[in-house]
Structures are given as C-alpha cells and as structure tokens.
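Dear colleague,

Please find the structure below, handed over for your records.

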Amino acid sequence: MFKEARLKLTAWYLLIIMVISLSFSGLIYQLISLEINRFAFSQRNRIERRFFDPNQNPPIMITIDKDLINESQERLMINLLIINGIIFVISGSLSYFLAGRTLSPIQKMTEDQKRFISDASHELKTPITSLKTMLEVSLRDPKLNLIEAKNVLTDAVTATNQLKTLSDSLLELNHLHNNKQSFVFTNNLIENLMSESIKKIKPKADKKKIIIKSKTIKGEVNVDGQKIEELFIILLDNAIKYSPKNSTVKFLCLKTNKHLVFKIIDEGIGISKKDLPHIFDRFYRADNARTKNNASGYGLGLSIAKKIIETHKGSISVESAQNKGSTFKVVLPL
C-alpha cells in the first residue's frame, strides 16, 4: 500500500516540478528569442547608418540572416530541453526520496496501530477464552454445589479484574500516545512525589516483607505530579514483584546541574542481556519473568512509564543481569 502511495506521491511531486520548469523554460525561450531578434535588427540599423550613403539611389539595404536566427532559436530550445531532462532525472530521484520521508511517519503510525490492535486482541483473547471455558464447564456440571459455585464465581471475578486491568492499561497507553496535551505541569516537592509513591505501593511490599529504603533531596520540580507518581509506582511495583521475600528495594534521588536522577534498585531475578533491549516494548515479558516468577502482568507497565517520561522530555534506562537485581534510572530535566 505504501509503495503504491509513494509512487503516486513521487509522480505528483515530479509533475508539479516539471510543470514549473517547463513554464519557466517557455518563458525564457520567448524572452531570449525576442532579444535575439532585437539584437539582429539593432545590428542591421547600426551597419546601415555607418557604411551607407542615404542619398544613394537606390539605397542599399542590409538583410537579416533569418537562418542564423532560426539556428540560434533551435540551439536555445535544444539546450532548454536538455536542462529539463536533467531536471526531470534529478527531481525524480529527489521526489522519490521526499515522498518516502513524507510517508514514513504515517507508515510508522499505521504499523504501530496495527501492531497495537493485534497485540491487544491476542492478550484479550486468552483471558476471555479461559473465563468463558471455566463458566461453561461449571454450568454443565450437574453436581456443582454452592461452595464450588462460589469458588468459580470468585475465580471469575479475579479473571474479570485482570481483564479490567488490561483494558485500563491499554486505554491509558493509547491516551498517553495521542493526548500529550492532557498533562498538567505544576511545581511539585520532590520528597512528596517519592513519599506518596512509596505510601501507595507499601502494602504490596509488606506482603512480601520487603523493605523500601528511600533517600530524597529537598526542592521542587515542574512535572505532572500524578503521572510521575504513577511512573514511580510502576517501577516500584516491578521491583517488588520480581524480588524475593525479605529483601530490600532502594529508591534514591540525586541532583545534577540540569537534571534530577531517580534510581530504583532491587535484589530480584534480574533481566538477561537478550531481554534488555525489549523490556519497554508493549506486551513484552522477559522469559525469566514468565517462568521463574508467578507474578502476573501483561508487559504494559514499562511501556506506560516510558511514554510518561518521554512526555516530560526525560529518559528511562535500566542496568541489570540475571540473578543480580536491576537498577532503573529515571532522568528528569530541571
């Protein structure tokens, strides 16, 4: 589709350029032809005035060499056609290149949308199928008692909540991608952003007896406080999710001349080298996260975190090795 569109756009670019070029060439041809004729008549008049006696009877007249004028006009036309041929070749190449550059962001956006829809459909299909199967099997069981029915309903509610979490994450990711204007930037105390994030994630840490140690600095930063807290919660949640019981998660803040640097350091299962380049991709979950840990998730949290920090003109990165923990670093411009 995009190859055909690129060729069509190239043709339109080329058509516009050649129409302009040929129009100017026609105008140049007319002007130079007039100038050649004017020059020829001017030269004839000068020669007649300089060398011939006006009293001579009959007066001698100088004729214009029309063949020479025609030859000059033909040469001019040939040269203009050659120039237009060169313009055609060069502008064709440039038009093809510019058409590609013009369509590239549209192609990327379309491919992102297709991939997003495909990934979302795949991720939604699995829990919906599981939920449907579980309910159908239970309904067909003639020996199903009240306790078993309650257990089935409990599992169904859990699956429904997971579906809601997935759909909310998908909607948020789409919203972050298309509505950056919705961010509200205000001055926020750095220590408040960190303490509020810790307060909201602490119940999960307490369940695994994980201690969150924080070190903050005083000062303010101009950000969307709600979104930055959400980013911190995503990173802290991941650190807790993939860390063993009775371990420690460190949440630090440092200040440089132009940036705030936040670090979240865990003692968890870590990330392998082959997984590191992909962890911010939608729906991506590292192999060890799938097999060595029972933590649930859909691989959307880090994608959301990346979109949030990109909207703040900052960056997010990770250093990790398998079974040696991970360090996520968030850099915010002051």
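Lysine 200 forms a salt bridge with glutamate 229, and their closest N and O atoms are 3.0 Å apart. Lysine 200 belongs to helix α4 (residues 190-207) and glutamate 229 to helix α5, so this pair ties together parts that lie 29 residues apart in sequence. Glutamate 229 counts as buried, because its relative accessibility is 14% and the cut-off for buried is under 20%. Please bear in mind throughout that the model is predicted.

A search of the whole structure finds nine salt bridges. Three further items from that search are described here.

Glutamate 136 forms a salt bridge with lysine 132, with the closest N and O atoms 2.6 Å apart. Both glutamate 136 and lysine 132 are located in helix α2 (residues 66-140), where four residues, about one turn of the helix, separate them. Glutamate 136 is partly exposed, at a relative accessible area of 30%. Lysine 132 is likewise partly exposed, and its relative accessible area is 48%.

Aspartate 275 forms a salt bridge with lysine 274; here the closest N and O atoms are 3.6 Å apart. How accessible is aspartate 275, and is it buried or exposed? Aspartate 275 has a relative accessible area of 1% and is buried. Lysine 274, by contrast, counts as exposed at 53% relative accessibility, because the cut-off for exposed is over 50%.

Salt bridges also link Lys204, Asp237 and Lys241 in a network.

The remaining findings concern the packing of two helices. Two packed helices are described by the angle between their axes and the distance between the axes. For helix α5 (residues 225-241) and helix α7 (residues 301-311), the axes come within 9 Å and cross at roughly 145°. The crossing of α5 and α7 is left-handed.

Which residues make this contact? On the α5 side they are Lys227, Ile228, Glu230, Leu231, Ile234, Leu235 and Asn238. On the α7 side they are Gly301, Leu302, Ile304, Ala305, Ile308 and Ile309. Sorted by class, the contact of α5 with α7 has nine nonpolar residues, two polar and two charged.

With kind regards

Definitions and conventions. Residues numbered from 1 in each chain as written. Predicted model: local features only at pLDDT ≥ 70, side-chain atom pairs only at ≥ 80, totals over all residues. Heavy atoms only, no water. Axes fitted to C-alpha atoms, helices over the stretch in contact; angles between N-to-C directions. Helix = DSSP H or I, 4+ residues; strand = E, 2+ residues; numbered from the N terminus. Left-handed = near helix turned anticlockwise from the far one by under 90°. Contact = heavy atoms within 4.5 Å. Nonpolar A, V, L, I, M, F, W, Y, C, P; charged D, E, K, R; others polar. Salt bridge = Lys/Arg side-chain N within 4 Å of Asp/Glu carboxyl O. Buried < 20%, exposed > 50% of the residue type's maximum accessible area, 1.4 Å probe, protein only.
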